[in-house]
Amino acid sequence: MDKIVVKGGRALHGEVQASGAKNAALPILASSLLADGQSTYRNVPDLVDVATMLKVLRTMGCGAERLTESRKDVCEITVGPGITPEAPYDLVKTMRASVLVLGPLVARYGRARVSMPGGCAIGARPIDQHLKGLKALGADITLTEGYVEARAERLHGATVNFDLITVTGTENVMMAAVLAQGRTVLENCAREPEVEELARVLVKMGARIEGAGTSVITIDGVDRLNPVEHAILPDRIEAGTLLVAAAISGGDVLVKHAVPEHMEAVVLKLREAGCTVTTENGGVRCRAPETLRPVDVTTTEHPGFPTDMQAQLMVLLSVAHGTSVISEHIFENRFMHVAELHRMGADITIQGPTAVVKGVRKLSGAPVMATDLRASASLILAGLRAEGRTDVQRVYHLDRGYERLELKLRGLGADIQRMKA
C-alpha cells in the first residue's frame, strides 16, 4: 500500500493540465452498451474507477481496452453479440458508478442484473431514484440477494419527476429512455456539466435529447444508436483542487484546459478569499493573496458550490485570517477529514451539517489517514502548507479520482513523492 509524503513550505508556480473528467467518463463508457460496434473515447483519465468500469464491461463480454502504445488516454469499447447483462458484486462493491450500466442494459437487452453499489464511505447514497425512473419506463424491478434485477420487453416513454436531484439517477434513466418507445420527460434533473456531456455523446450516437443542463430533459426514443468517437471534457474538480493548491501554497498556477463556465461557484469563493482568478491561455489561473480572507459556503447541486470541493476549500479556509462557516447539504457524513486536520493543528468545530473553521497561523506536518477520495486531496493540500513532513496514508482513495496528482504538484514545485507505506 502506498502513501504520499509532502514537505510543506514551497509556493507552487507554473502550468499544469487538467485531465479528463472521471464523472463524465464513467457514464459515457457505460453508454457504449447502447450500440453495437466500436466506440473510441479520448482524454479518458487513467484512474482506478475507470479501470473498474472497463472490467465491468469486459465481464459482460465487451471488448474494453485502454491503448498503451500510442495514446494512453484513449479507450476503445467494442460491443457485439453474446453480451451477458450482469454486473457482479466483486466489481460493483468497489465503485457505485458501476450501477450506470443498469439503464443501458435493460433498454438494449431487455434485462439486467446489477449488484447494489458500493464506493466511498461518505454517507448513504441509495439508488431508489434510478429504480423509480426505470419502473416508470415500464421495467419490472426486483431486489434479490443484493442484486437489482430489471426486465422489460421494451421500455416506453413516461414522465419521471425525481424526488431529489441525482446526477447518476438522471444519467441512468436518460440512457434507458433513449431507446424507449415514445417521449420521456425527466423533471427535477441534475444540471451538472457531466450530465450535459453524456447527453452530447448520446446525441452523437443518434439519440434525440433536448434540455440537458436544465432541470427538465425531454427524450424522444429511437430504435437504434450507433457507436461514437468522443473526447471527454476536462475534470472541473481536479482543476479546482489544483487552483486551491496554488492558493494555499502562496503560489501562481495556470490550470490548462479548465473550463471556467463549469467552475463558477469555485472561482467565486476563491475570489472572495482574496485570490486573483483569471481566464487566460485556454485555462484558469489562480494567484494567491498575501492574506487569505474567511468565506462562508454551502454545498448544493450544480450550479451551486460542489460537495466534491468542500474538503479542499475547508483546508484553504483553515489558514485564512478569520472564521468561516461551511454547510454540507449533499452528504451527511462528509466531514471525516476534520479529525485528521485537527492532527495538523486546524481549528474546526463540527455542529451537525455545519463546520466552523477558525483560521490558524500555521499547520504542522503529521501522519494522517485518508477516509475518502476528496479527503485524500485535502490532506495533501494541507501538507503543502504545513511546516515539516506530512505522510498521507491510504491514498488508494486518491487514485480513484486523481490522475497522478503528486506528479502534477511536483511539476509545479512541490516537495512531494509517493512511497511504500
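**Chat about salt bridges**

Reader: Hi! What is the relative accessible area of Arg 285?
Author: Hi! Arg 285 has a relative accessible area of 22%, so Arg 285 is partly exposed. Buried means under 20% relative accessible area and exposed means over 50%, with partly exposed in between (1.4 Å probe, protein chains only). This is a predicted model, where local features need pLDDT of at least 70, side-chain atom pairs count only at pLDDT 80 or more, and totals for chains, interfaces and linings use all residues. Residues are numbered from 1 along each chain as its sequence is written, and side-chain values use heavy atoms, leaving out hydrogens and water.

Reader: Which residue forms a salt bridge with Arg 285?
Author: That is Glu 280, with the closest N and O atoms 3.4 Å apart. A salt bridge here is a side-chain nitrogen of Lys or Arg within 4 Å of a carboxyl oxygen of Asp or Glu. Glu 280 is partly exposed too, at 24%.

Reader: Where do Arg 400 and Asp 49 lie?
Author: Arg 400 is in the loop between strand 23 (389-393) and helix 13 (405-411), while Asp 49 is in helix 2 (residues 48-59), so the pair ties together parts 351 residues apart in sequence. Helices (H or I, at least four residues) and strands (E, at least two) are DSSP runs numbered from the N terminus.

Reader: Is Asp 49 buried or exposed?
Author: Buried, at 1% relative accessibility. Arg 400 also counts as buried, at 11%.
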